[in-house]
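Visitor: Could you walk me through this structure, please? I am new to it.

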Amino acid sequence: MTAARKLLLSLAIVALAQTGVLAAMVIDRVRLLKSGREITLPIVPVDPRDLFRGEYVRLGYDVSRVPVRLFEGPAPNPNQAFYVVIEKDPDGRWAPVKISRTMPQETSTDRVALKARARHGWPSATSDDRAVSVRYGIESYFVPEGQGPRLEALARDKKMAALIAVDAGGDAAIKGLIIDGALQYEEPLF
Amino acid sequence: MINNISPLGQRKGSRRVSWYRHRLERDLTRWRAEGWVSEAGASAIRADLKSRGSAFGAAPVFAILGAVLFGFAVMSFVAANWTAMSKLVRLGLLFAALWACYGGALLLFRRQLNAFAHAAVLGGIAVFGASIMLIAQMYHMEGNPPDAVLMWAVGALLAAALLRSNPALAATFVLLAVWTCYERFLAGAVHWSFLPAWVATTAVAVWFGWRPGLHLAAACLVTWVIPLGYLVLDHHAHWIVISIGIAAAFAAAAAGPAIDRRLPASAAIFAYGTLVAFAGLYIMQFIDRVVLHDIQDKMWTPQLVLLAVLTLALLLGAMLWAVHTDNRAALWLAYGAFALEVFSLYLKTFGTLLNTSLFFLIAAIMVSLLAWAAYRLHQRKAPTEAAP
C-alpha cells in the first residue's frame, strides 16, 4: 500500500470510528426514548425558590431517596451502579421496594428496575431508617433557551411530573415534563 | 539520560536547544582561547547547531494553539445550549465539523504541511469530545460522566496511533489524567482500570520514541500514584507511595545501564521516583491528618522528626546520585524539595522553637560535613583524572 493510500485509510478509520461512537450514543438514546417503558414520576422541587435557574433544571423525585434496608447483600462500592426496583401502588404512585447489585428480573407489570448510583456514597451506619440518595441519570434537564420563565410560571403552585422512558437494562431517560396532568414539553427524538 | 537528546527531541525541545547553544557558545569561547578549536571549527559547529535548531518554528506552535482554541470555541458552543436549530441540524453540524477537521488534515498531510495537519487532527479530537458533551446535553444523558472522558481518550488514542500524531498522544495523556482524577473524586477508591489504559497509551509513546510523550506518561502515572495513600488500607497509607517512589529511584540507580540500553530513561525514572517518594513523605508530614486535625502534640513530634530526618537524608542521597550521574533534572528537583521541606519544617516547629532551632543546627552541621567530604573526595579524584 502506498503512503498516500495508507494515510487516507487511517484518516477514514479515525473519522468513521469517532462518528460511529457519536451515532451510537444518539441511536441508543433514541431507541430508549422510543421503545422504553413509560412511567410517570412526580417531581419534588430540589430548590423551591428557583426551579428553572437559567436553562438548566435539577429535578428531584420521590424515589430519589431509597431506604438502605431494602438492600440485599454487601453495600456497592462508591460510584458503582446498582438497581432500584420501584413498584406502583394502587394510587398510581411509584415507591422503591428493593435494591440489588445486579439487574433484577422483574416480571410484574407494576414493577420497574432502574439503574442507579449513590449520590454522596453509601451511608456508613446500617440502622434501618437510613436512606441513600441516588441518581438515575434523569436529574438534569436542559430547557430550550427562553423557555425557563414560562415553565417556571407553569410550575408554580402546580403539580409537576416527568415522563420517563425505561429500557430493559434499567437505563432511564426524560421524555417530557407534565404539568397538572398535561404534557407541556415533549422531547423530540431528533 | 535526560541530557541525551533523541533525534525527535532535538527538534521539539526548543528550550533545551537554546540552553545547549548558550552553554556551547561559552565553551567554544574558552576552547578557542585554549587553542583546542580552530576559528573555522568553531564557526562550523555554530552553523551546524543553527541549522538543527531552526526546524522548530513559530508556525507549528501557533497552529497547535489555534487547534486548542478551536476546541474551546466548540466547547463553549456546547455551554451556550444552542436551541435555535433542530437536533438533526445540530448533529449534522457536529459530524460536518468532525469530518472537516480530518479532511483538512488529509489535504495538509498531502501538501507536506505536517505541523498544520497534526493541528487539524487535534482539532478533530476536540470536536469529537465537544460532540460527546453536546449529544449528552441534547438528550439529557447523565450516566457516569468519567465514562464520557474515557470515550474521548479512546478516540484520541486511536487518532494518535493511526496517524502517528504526537499532539494527539499528548491529548490522550491529558484526558487519561482527567479521567482518573474524576473517577477517583467520585468513587474515593483506587482506580485500577487506569493502569491498562495507561499501559496501552504508554506503549504507543514508546513506539513513537517521542521523549516529551514519555514524560507525559510519567507525569500521568505520578498523578495516579501520589494520592494512592489516601485510598488504600486505612486511608493514610502514604508509606506505600513513599515505597513506590524509593523503589523506582533505586531501580533506576541500580539498573541504570540495563534500562538505558533499551530506552535512555533511567535518569528520568530516578527523578520521577524521587518526586513520588518526596510527595508521599510531604503529605505524611504536613498535609494528611495534620491540616484537618492539626495534631501537634508531643506524641507526634518524634514521628515528625523521624520523617523529617528520613526526608532530608533521602533528598541528600538523591542529590549525591544526581551529581554523580550528571542528572540535572533530579538535582534541581531535589534542591527544590529540600527547600520546600526545610521551609515547611520551619513553619511547623517541633513542639518548641528551641527544639526547632536544635534540629536545624544539627541538620546544618551534617550537611556542612557532607559538603566537606564531597570536597575532599573531589580533591582526591581530580588529580587522577587530570593525569592522562
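Guide: Let us begin with one residue: Arg46(B) is partly exposed, at 32% relative accessibility. Here buried means under 20% relative accessible area, exposed over 50%, and partly exposed in between (1.4 Å probe, protein chains only). This is a predicted model, in which local features need pLDDT of at least 70 and side-chain atom pairs count only at pLDDT 80 or more, while totals for chains, interfaces and linings use all residues. Residues are numbered from 1 along each chain as its sequence is written, chains are lettered from A and ligands numbered from 1 in the order in which they are written, and side-chain values use heavy atoms, with hydrogens and water left out.

Visitor: Which side chain does Arg46(B) meet in a salt bridge?

Guide: Its partner is Glu25(B), at 2.9 Å from N to O. A salt bridge is a side-chain nitrogen of Lys or Arg within 4 Å of a carboxyl oxygen of Asp or Glu. The two residues are 21 apart and link distant parts of the chain, with Arg46(B) in helix α3 (residues 39-53) of chain B and Glu25(B) in helix α2 of chain B. Helices (H or I, at least four residues) and strands (E, at least two) are DSSP runs, numbered from the N terminus. Glu25(B) is partly exposed as well, with a relative accessible area of 33%.

Visitor: And Asp27(B), buried or exposed?

Guide: Asp27(B) is buried, with a relative accessible area of 15%. It forms a salt bridge with Arg23(B), the closest N and O atoms being 3.9 Å apart. Both lie in helix α2 (residues 14-34) of chain B, and because they are 4 residues apart, about one helical turn separates them.

Visitor: How many salt bridges are there over all chains?

Guide: The count over all chains comes to 10. One of them joins Arg93(A) and Asp62(A), at 3.2 Å from N to O. Arg93(A) lies in the loop between β4 and β5 of chain A and Asp62(A) in the loop between β2 (56-61) and β3 (65-67), so the pair ties together parts that are 31 residues apart in sequence.

Visitor: Changing topic, how many residues does each chain give to the contact?

Guide: Chain B gives 40 residues and chain A gives 38, where contact means heavy atoms within 4.5 Å.
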